[in-house]
Amino acid sequence: MGLYEGIKDAIGIAQKADNIDLYKQLIDLSSQALDMQTEIAKLREENSELKNSKGTEQRLVRHEQPYLTLEDDNPKVCYCAVCWGKDEKMIQMDRINWDNGQIKLYCSVCNNHCIECDL
């Protein structure tokens, strides 16, 4: 029997016994249990995000210019070093090829950019 089934059964017994105080306490406990389940789900999600972030951190390749790449990934896929440093978000930068052969990387989130990157 799960927690909620147990509380539900106890509430049913309290109602049959016409014990209003016990009924109110069980309703409060049910609400607290629901809050705790929500908190547990939130913490599990945060834990998963932290594990993913740590795994990503270990794969980062930092460059002289303000962008990052991931080892074992396409080296032409560049991510914004500013967004990673600020929010640990992997924002892919846009590549712009100029007529003179230079490449400009541009982050549409924070406007970070670099020219003549070592790609």
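The model is predicted, so local features need pLDDT of at least 70 and side-chain atom pairs count only at pLDDT 80 or more, while totals for chains, interfaces and linings use all residues. Residues are numbered from 1 along each chain as its sequence is written, and side-chain values use heavy atoms, with hydrogens and water left out.

Let us start inside. In soluble globular proteins, nonpolar side chains tend to be buried together. Here, the largest nonpolar core has 8 residues: Tyr-67, Cys-78, Cys-80, Cys-83, Met-93, Leu-105, Cys-107 and Cys-114. Such a core is a set of buried Ala, Val, Leu, Ile, Met, Phe, Trp, Tyr and Cys residues joined through side-chain atoms within 4.5 Å, where buried means under 20% relative accessible area, exposed over 50%, and partly exposed in between (1.4 Å probe, protein chains only). A second, separate core has 6 residues, including Leu-60, Leu-70, Val-77 and Trp-84.

Look next at Cys-107, a member of the largest core. Leaving aside residues up to four places away in sequence, Cys-107 touches Cys-80, Cys-83, Ile-91, Met-93 and Asn-112; contact means heavy atoms within 4.5 Å.

Now find Lys-104 in strand β5. Strands (E, at least two residues) and helices (H or I, at least four) are DSSP runs, numbered from the N terminus. Lys-104 is buried yet has no salt bridge, which would need a side-chain nitrogen of Lys or Arg within 4 Å of a carboxyl oxygen of Asp or Glu. The nearest side chain of opposite charge, Asp-94, is 10 Å away (Lys and Arg count as positive, Asp and Glu as negative; His and the chain ends are not counted).

Two loops come next. Glu-88 sits between α3 (81-87) and β4 (94-97), and Asn-111 between β5 (103-106) and β6 (113-115). Glu-88 has a positive phi of about 50° although it is not a glycine; for Asn-111, phi is near 70°. Glu-88 is partly exposed at 42% relative accessibility, and Asn-111 is also partly exposed, at 46%.

Leu-34 belongs to helix α2 (residues 20-59).
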